[in-house]
Amino acid sequence: MQTLELVRVLARESRPLLDKAIYLGARERVAARLIAARMPEAVVNERRRQARAVAKKRGYTPSHAHLTLLAWNLFITNVPGTVWTPATVCKAYSLRWQAELVFKSWKSDLHLATLTTRTVESTLCYLYGRMLLILLTYALCPTLRATVWHKKQRELSLLKLVRHFQALAEWWLQALFQPAAALCSFLSCACMTAERLVPKASRTRRTSAQRLRESLQTQNDFIQLTIKLAA
């Protein structure tokens, strides 16, 4: 094995998209893929302008290697190329904002970082209530996301879903202590109401999830066609 001189490799690369097999780790070797996607010239120029401005403010000069890497978006994944093409990896990365929304919902909407209680019992009650709300929200989120897309061709708003179940806290906390049939009935009604309240606003620009879904559909169609031709 040889150390990958990434800056030197990218400086000589003429293709807009690079997919290279690599190994990570000083001792334990982990197989992965390095995806490098060249950015448009306008984006590269703006990135370098900002880098030089920050460097000037802090009293240093940005290195040539750093400026070279700013011309690319770099991704490392262990998802096989037969599952996600390089183009799909680039689209999937834009979904990282969904992970940010999870933490935002915990901190801002569920107020996990703000405690107004003063006793041990009330603090535990507050935290357990919020944790139950998190469990409920993310247990039902995948099914609701699929349902909203199937019925309305709309994406689900995670923040709207959190607020929906937060508004029903008094009822579902009581339903938790009811027989399983009563809890199931309550959750079914809550989900039916959520289908109407939690879709994102419709817009002409496609969402990151839609672009990823289209990319995967194109790839799956190609695989199915290859299988039929081989047969």
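What follows is a working chat about a predicted model of one protein.

Colleague: What secondary structure does the protein have?
Modeller: The predicted model has 10 helices and three strands. Along the sequence they follow the pattern α-β-β-α-α-β-α-α-α-α-α-α-α.

Colleague: What is the average pLDDT?
Modeller: The protein averages 82, and 86% of the residues score at least 70.

Colleague: Which elements have the lowest and the highest mean pLDDT?
Modeller: The lowest mean, 56, belongs to helix α10 (residues 208-230), and the highest, 94, to helix α2 (residues 41-58). Over residues 222-231 the pLDDT is below 50, and that stretch has one contact beyond near neighbours in sequence. Where pLDDT is low, the predicted coordinates should not be read in detail.

Colleague: OK. How many salt bridges?
Modeller: The count comes to four. One of them joins the side chains of glutamate 13 and arginine 15, at 2.6 Å from N to O.

Colleague: Where does glutamate 13 lie?
Modeller: In the loop between α1 (6-12) and β1 (17-24). Leaving aside neighbours within four places in sequence, glutamate 13 is in contact with Leu18, Arg38 and Trp72.

Colleague: Why does glutamate 13 count as buried?
Modeller: Because its relative accessibility is 14%, and buried means under 20%.

Colleague: Which residue does aspartate 19 form a salt bridge with?
Modeller: Arginine 33, with the closest N and O atoms 2.8 Å apart. This pair links distant parts of the chain: aspartate 19 is in strand β1 and arginine 33 in strand β2 (residues 30-38), 14 residues apart. Aspartate 19 is partly exposed at 37% relative accessibility, while arginine 33 is buried at 9%.

Colleague: And lysine 151, which residue is its salt bridge with?
Modeller: Glutamate 195, where the closest N and O atoms are 3.2 Å apart. Here too the pair links distant parts of the chain, with lysine 151 in helix α6 and glutamate 195 in helix α9 (residues 180-197), 44 residues apart.

Colleague: Is lysine 151 buried or exposed?
Modeller: Exposed, at 57% relative accessibility. Glutamate 195 is buried, with a relative accessible area of 17%.

Colleague: Changing topic: where is threonine 68?
Modeller: In helix α3 (residues 64-69). Threonine 68 counts as buried at 12% relative accessibility, and its side chain reaches the backbone oxygen of histidine 64 at 2.8 Å.

Colleague: What is threonine 68 in contact with, leaving aside neighbours within four places in sequence?
Modeller: Val7 and Arg48.

Colleague: And valine 162, which helix is that in?
Modeller: Helix α7 (residues 158-167). Valine 162 is buried, with a relative accessible area of 1%. Its C-alpha atom is separated by 9.0 Å from that of tyrosine 138, 24 residues apart along the chain.

Colleague: Now the surface. Which residues make the nonpolar patch?
Modeller: Leu132, Leu135, Leu173, Leu176 and Phe177, over about 510 Å². Leucine 132 is in helix α6 (residues 120-152) and is partly exposed, with a relative accessible area of 35%.

Colleague: Last one: what share of the contacts with a separation of 6 or more is between residues 24 or more positions apart?
Modeller: They account for 65% of those contacts.

Methods:
Residues numbered from 1 in each chain as written. Predicted model: local features only at pLDDT ≥ 70, side-chain atom pairs only at ≥ 80, totals over all residues. Heavy atoms only, no water. Helix = DSSP H or I, 4+ residues; strand = E, 2+ residues; numbered from the N terminus. Contact = heavy atoms within 4.5 Å. Patch = residues over 30% accessible without salt bridge, like charges linked within 9 Å, V, L, I, M, F, W, Y side chains within 5 Å. Areas by Shrake-Rupley, 256 points an atom, 1.4 Å probe, with all protein chains shown as cover. Buried < 20%, exposed > 50% of the residue type's maximum accessible area, 1.4 Å probe, protein only. pLDDT = per-residue confidence, 0-100. Polar contact = N/O pair within 3.5 Å; in protein donor to acceptor, adjacent residues only side chain to side chain.
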